[in-house]
Amino acid sequence: MDDQQSTSDQSQPTVATVPVGTLAQPRRVITTRIDWRKTFSAFRHRNYRLFFYGQLVSLIGTWMQTVAQNWLVYQLTGSALALGFINFVGAIPITLLTLPAGVVADHRSKRHILIATQTASMLLAFVLAALVYFRAVQMWHIAVLSLLLGITNAFDIPARQSLVVDMVGKDDLMNAIALNSSMFNGARVFGPALAGVLVAYIGTAGCFFLNGLSFFAVIVAYMVMRLPAASPANEIRSIWHATWEALRYVAGHRSIRAVLTLIGVTSLFGWSYSVLMPIFARDILRVGAKGYGYLLAANGVGALLGALTLASLGNHPHRRRLIFGGLFGFCATLVVFALSRNAWLSAAAMAGVGWFMIIFFATANTSVQLHTPDELRGRVMGIYALAFLGLNPFGSMLAGSIAHATSASMAILMGVAVCVAAAIIVARLVPPEQSRPSQQPHEGTGAS
C-alpha cells in the first residue's frame, strides 16, 4: 500500500523514513510504464534461478496431484460433497497453523524448514501412489494424507514467502514475487492439462508418483543455494508471546494493517468466485465440463500475463495505484462475469479477473514484505498467509450458502459489493501523503 521503499546497504544503514501509517511518496522515481527488459531482473541472482526452476517443476507435479486426487475421490464416491470435504480438510490447517508456523520461520533456519516440508510432501505423495497402485486406497486414507499435507503447507508457506527477500534483496523483491506468480499460474495452466493426459495413460497412481519425484528438484535447489549467513537461532520462549509481538506490530503499522485488511476481505468475499464456476459452466453458460476447463484456462492465462506485466514495471512502481487499480479492476471484471450469459465474454472476463487479481495480490505481498523488519518477516508472512489463504474455506462455504439461497450470480455480486466498499473505506482512511524529511528509524515505528 505504501509507496515508500527502502534499500538495504551495509555501508549506508540509515534510510529516509516516515512515521507510522503514512503512505508517503518516495524520493525515487516511481513509474507504471512497462519495460519488458526488466521482466526477468530477479534472474540475475543465482539463488533465485535455482528456486524458480526447482519450484516450477514441483508446482507442475503439485497441480497434477490436485487434479488426479479430485478424480480419484470422485471415482471412489461419486459425491461432490466428498470432493468439498477433502479440499476443506487440506485447507483448514493453513487457517489454524500459519501463525505459529510464522514464529518457527523466524526462529529456525528457513532453508532447513523448507527442505523438511518438501521432503514430507514428497513422502506423502509416494504413500498415496503406493496405496492406489496396490488398490488399497480408501477415503479415510486420502483424508488423513490431505490433512498431513495441509499441515506441511502451513509451515512451508511463511518460510518460503519470507525467504524470497534473502534470495534477491529488497530492490528485486517485487520482480521476484511477480515472477513467482507467473511460475504458479504457468504451472496451473500446464499441470492440470498434463494430468488429464497422464491419468488416461498411467492412472492416478502414476500422477502421484511423478509428483513425488518432482520434489527432488526443489529440495536439491534449496540444498545448493548460497544464502546469507543466518543469525544464530533463538529458542522460542513462547509461541503466543512471539505471535502477539507480530500481531501488535501489524496492528500498529497503518499501511500493513490496511493491506492485510484488503487481502482478507478479498479472499473471503471476492476470491470465492472459483468455487461457483462449475455452476456457471453447467447451468448458466451451458458449456459443460469442457467449457469449465476453458474458463479455468482463461483465468490462469490472464493471471500469468498479469504476473509478467507486473514483473515488467521495474523495481519501484507506484504500488498504491497498483493495489487499488488491481482490486477495482478485479471487482469490475467479476461483475462482467457474473452478469454474462455468453461463453466467450465470460472467458474474456475470467482472463481479466486473473490479470487484475495478480496485480493486486502480488503488489500487496511486496508492500507487506518491504515494511516488515527481518526479525518479524516470518511471523508477518504467517499473518499474510492467514489472510490470503486461511480464509478461503470459510469464503467458499459462505459463497455456496448465498448461491444456494439466491443464485450464483447474486453471490458474486454481493461479494464484489463488500470488496468495493472495503477498498473505498481503506482508501479514505489511509490517504497518500507527501514524503517528509529524513529521520532515523525507530524500533516499533513500522517505517521501512
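This is a predicted model: local features need pLDDT of at least 70, side-chain atom pairs count only at pLDDT 80 or more; totals for chains, interfaces and linings use all residues.
Residues are numbered from 1 along each chain as its sequence is written, and side-chain values use heavy atoms, with hydrogens and water left out. The protein chain holds 14 helices and two strands, where helices (H or I, at least four residues) and strands (E, at least two) are DSSP runs numbered from the N terminus.

**Overall picture**

- Of the 448 residues in the protein chain, 52% are buried, where buried means under 20% relative accessible area, exposed means over 50% and partly exposed lies in between (1.4 Å probe, protein chains only).
- Among the contacts in the protein chain with a separation of 6 or more, 86% join residues 24 or more positions apart, a contact being heavy atoms within 4.5 Å.

**Nonpolar cores**

- The largest nonpolar core has 63 residues, of which Tyr-48, Met-167 and Tyr-222 touch the most other members; such a core is a set of buried Ala, Val, Leu, Ile, Met, Phe, Trp, Tyr and Cys residues joined through side-chain atoms within 4.5 Å.
- Two or more residues of this core come from each of several elements, including helix H1 (46-77), helix H4 (139-168) and helix H5 (173-224), and H5 gives the largest share, 17 residues.
- Tyr-222, leaving aside its neighbours within four places in sequence, is in contact with Phe-51, Gln-55, Arg-111, Leu-114, Ile-115, Gln-118, Arg-160 and Leu-163.
- Another core, of 54 residues, lies apart from the largest one, and among its members are Leu-295, Leu-334, Ala-338 and Ala-408.

**Helices H8 and H10**

- Helix H8 (residues 273-284) packs with helix H10 (residues 319-339) at an angle of about 20 degrees, and their axes are 12 Å apart; axes are lines fitted to C-alpha atoms, for helices over the stretch in contact, and angles run from 0 to 180 degrees between N-to-C directions.
- That makes H8 roughly parallel to H10, since angles under 35 degrees count as roughly parallel, over 145 as roughly antiparallel, 65 to 115 as roughly perpendicular and the rest as oblique.
- Tyr-273, Met-277 and Phe-280 of H8 make the contact with Phe-330, Leu-334, Phe-337 and Ala-338 of H10.

**Helices H13 and H14**

- Helix H13 (residues 392-405) and H14 pack at an angle of about 130 degrees, with 7 Å between their axes, and these two helices are therefore oblique to each other.
- On the H13 side Ala-399, Ile-402 and Ala-403 take part, and they meet Ala-408, Ala-411 and Met-414 in H14.

**Two single residues**

- Ser-409 is placed in helix H14 (residues 408-429), and it counts as buried because its relative accessibility is 8%.
- Leaving aside its neighbours within four places in sequence, Ser-409 is in contact with Phe-280, Ile-284, Ala-338 and Arg-341.
- Val-335 is found in helix H10 and is partly exposed, with a relative accessible area of 27%.
- Val-335 is in contact with Leu-413 and Val-416, once its neighbours within four places in sequence are left aside.
- Val-335 and Ala-349 are 14 residues apart in sequence, and their C-alpha atoms are 8.7 Å apart in space.
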